[in-house]
Amino acid sequence: MSAPDTSFDSKAFLKTLTQSPGVYQMLDASGGVLYVGKARNLGSRVASYFRGSDDRGPRIRSMVRQIADIRVAVTHTEAEALLLEANLIKRHRPRYNVLLRDDKSYPYIFVSGQEYPRLGFHRGAKKKGVRYFGPYPSAGAVRESLALLQKLFQVRQCEDSVFAHRSRPCLQYQIGRCTAPCVGYITPEEYARDVESSVQFLQGKSEVVIADLMQRMEAASERLDFEHAARLRDQIARLRQISEQQFVSGGEGDADVIALAQEAGAVAVEIFFVRGGQNLGNRELFPNVPEATDTGEIMAAVLAQYYAEREPPARVLLSHEPEGAPALEAFLMERRGGRKVQVAWSLRGDRARWLDMARRNAELALKTRIASQAGQTARRDALTAELNLENPPKRMECFDISHTGGERTVASCVVFGPEGPIKSDYRRFNIDGIEPGDDYAAMHQALSRRFARLKKGEGQEPDILFIDGGKGQVTQALNVLADLGLDHIRVIGVAKGEERRPGMETLILSGVEAPSILPAHSGALHLIQQIRDEAHRFAITGHRARRAKARKESTLESIPGLGPKRRSALLRHFGGLRGVARAGVDELTKVPGIHRRLAQAIYDQFHEG
């Protein structure tokens with residue numbers, strides 16, 4: 001089986017991946033999230049998607065073909081990755097996460113408030129007088145923790161109705177999982193100590209519990225009670241196994257955690273969003289930074305520009321001290337409506353772990369960015385060689401046409417430079433005044449409008465003009481350029497291959513009779529495919545938006561004499577447009593303001609022919 005056909009350079013990306021646990025998001029060409037997954041080993045897990053084996057199934061193969069980018073977030077543990085994955089899936093609802101979708105709230109462990117409290121599983125609204133611990137990444141994690149707590153501390157987990165009507169101990173007592181408070185085999189004071197140990201463990205104070213168990217283990221050893229000491233040793237091992245706090249949702253309050261990484265003149269800024277103690281995800285920023293700019297100045301500029309358009313949380317945790325920190329704190333306080341904002345760096349404890357996670361992700365994002373730019377340069381060099389150009393192209397444009405049966409035709413123009421897409425230079429053209437479905441006329445109109453502006457001094461001239469289409473579309477481009485005196489611009493048509501299969505494209509080169517076919521592994525072809533696919537995406541997006549806007553205009557708006565008030569009265573009376581369409585003339589006249597002639601016009605609008 002051939003490698004997945006996608007403009008995404010998986011080989012270059014995989015070289016940058018870490019072996020740490022974390023979460024990955026598969027993105028399509030428009031930046032939409034296709035899939036969110038978690039991994040114990042990011043490098044190994046993500047690489048598995050690109051091995052090209054036939055046992056992946058059609059769903060995964062379809063997803064991989066659409067991948068245009070992959071975003072990763074490194075975590076400390078797989079448990080953290082699991083919970084972050086759940087948060088991201090709930091937020092983005094990716095198309096390919098259908099098997100993992102779960103709209104339930106996060107589960108908790110609760111401790112009730114009776115004389116003999118109960119430990120149990122909880123999901124949903126919280127009640128007063130009950131202590132809750134969590135959230136946990138899954139119901140399975142809660143049940144596993146409850147089972148371990150039952151072994152370690154023997155606190156009851158039975159329903160209150162069962163507890164109130166016991167007359168003798170149940171099986172849990174017989175197997176050493178409960179101390180039978182239901183029949184008074186343990187005093188409330190002794191039972192309270194077991195409950196307190198459970199609570200300390202759930203609060204993350206497991207080291208206190210472990211220290212107590214270690215003392216008891218040593219005492220048992222001194223008494224030569226080695227069997228009991230071994231049981232305590234196993235308890236300590238199990239406690240240590242699950243005592244690590246769920247750091248992704250382990251804090252309180254709201255915070256933005258911002259880390260900066262700098263290398264070879266490039267800068268990456270990673271922002272983690274913590275709300276209500278939960279990590280809601282992360283975002284990378286790649287600011288353009290002048291040479292010899294220190295980290296303090298960069299951090300200050302990032303904070304000022306980022307929060308100029310959004311309200312900051314109560315805490316902003318930074319990897320580097322920003323220049324002019326007091327002024328920044330005052331600025332952030334003002335942006336938060338006068339409420340205090342704590343800006344902190346040189347952190348300790350849990351907050352330092354948050355920052356360490358953000359810093360590691362910033363470094364990884366920067367490494368990936370540098371590798372991606374290197375890959376882009378290699379592809380551009382390959383295109384230069386294939387086309388026998390004197391110099392690598394600095395600006396490449398690509399045009400595409402999109403419509404549905406000739407309706408609402410839109411042409412797109414996307415622009416690529418040495419570092420990839422230049423989205424600020426993208427343009428769309430609404431095509432009108434042509435025969436519906438005439439792609440040649442649509443291409444001629446779009447190119448004429450684009451390059452007529454260039455002749456007036458608007459915009460920059462491309463080194464290469466790509467056209468999504470065959471000889472007919474290329475001829476239109478050559479004619480337009482010739483009429484405007486721009487026939488020195490290199491034109492390349494990208495014709496679809498057999499059965500529109502990617503990798504089989506034919507290149508129509510201006511000034512060359514025979515079409516050219518580049519090998520499927522060619523870096524030049526991969527760059528052309530990337531540019532062509534981006535033009536196609538941009539055109540389709542524009543066409544769909546234009547078509548949707550046209551269809552939003554109610555059929556009623558074209559009826560003379562039916563103004564906004566009457567339209568509103570009609571829709572209210574019949575419960576919507578479908579009800580209006582089904583109504584007869586007599587029913588329509590019952591609506592205030594609708595006389596019989598107008599009712600007939602409304603009826604005719606929906607029943608022509």
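1. Strands E12 and E13 run antiparallel to one another and are paired over 8 bridges, with E13 covering residues 407-417. The model under discussion is a predicted one. Within this pairing, Ile401 is placed opposite Ala411 of E13.

2. The two strands E12 and E13 make a hairpin, with 2 residues between them. In the turn, Gly405 has a positive phi of about 60 degrees.

3. Strand E12 also pairs with strand E16 (residues 464-467), here in the parallel sense and over 4 bridges. Cys398 has Phe466 in E16 as its bridge partner. Is strand E12 largely enclosed or open to the outside? Of the 9 residues of E12 (residues 396-404), 7 are buried, so the strand is largely enclosed by the rest of the structure.

4. A separate point concerns an open sheet of 3 strands, ordered E5-E4-E6 and paired in the antiparallel sense. Its edge strands are E5 and E6 (131-133), each of which pairs on one side only. From one strand to the next, the twist averages 35 degrees. Strands E4 and E5 are joined antiparallel over 4 bridges, and Val111 has Leu119 in E5 as its bridge partner.

5. Aromatic pairs in the model number 13. In one of them, the ring centres of Phe8 and Phe50 lie 5.9 Å apart with the planes at 40 degrees, so this pair counts as tilted. Phe8 belongs to the segment before helix H1 (10-16) and Phe50 to the loop between helix H2 (42-47) and helix H3 (57-66); the pair therefore ties together parts that are 42 residues apart in sequence. Both Phe8 and Phe50 are buried. Together with Phe13, these residues form one aromatic cluster.

6. Tyr116 and Tyr191 provide an edge-to-face pair, at 5.2 Å centre to centre and with 75 degrees between the planes. Tyr116 is in the loop between strand E4 (108-111) and strand E5 (119-122), whereas Tyr191 is in helix H8 (residues 188-202), so that the pair links distant parts of the chain, 75 residues apart. Tyr116 and Tyr191 are both buried.

7. Two arginines are placed over aromatic rings. The charged end of Arg369 sits over the ring of Phe286, at 4.3 Å from its centre. Arg428 lies over the face of Phe538, at 3.7 Å from the ring centre.

8. The salt bridges come to 12. Arg546 and Asp432 meet in one of them, at 2.7 Å from N to O. Because Arg546 is in helix H16 (residues 523-552) and Asp432 is in the loop between strand E15 (427-430) and helix H14 (439-455), the pair ties together parts that are 114 residues apart in sequence. Arg546 is buried, its relative accessible area being 17%, while Asp432 is partly exposed at 48%.

9. Asp586 and Arg596 form one, with their closest N and O atoms 2.8 Å apart. Asp586 lies in helix H19 (residues 585-588) and Arg596 in helix H20 (residues 596-606), 10 residues apart. In the salt bridge of Asp225 with Arg223, the closest N and O atoms are 4.0 Å apart; Asp225 is partly exposed at 31% relative accessibility, and Arg223 is exposed at 52%. Finally, Arg395, Glu397, Asp425 and Arg450 are joined in a network of salt bridges.

How values were computed: Residues numbered from 1 in each chain as written. Predicted model: local features only at pLDDT ≥ 70, side-chain atom pairs only at ≥ 80, totals over all residues. Heavy atoms only, no water. Phe/Tyr/Trp six-rings, centres within 6.5 Å; stacked < 30°, edge-to-face > 60°. Buried < 20%, exposed > 50% of the residue type's maximum accessible area, 1.4 Å probe, protein only. Lys NZ or Arg CZ within 6 Å of the ring centre and 35° of its normal. Pairing = 2+ DSSP bridges. Axes fitted to C-alpha atoms, helices over the stretch in contact; angles between N-to-C directions. Salt bridge = Lys/Arg side-chain N within 4 Å of Asp/Glu carboxyl O.
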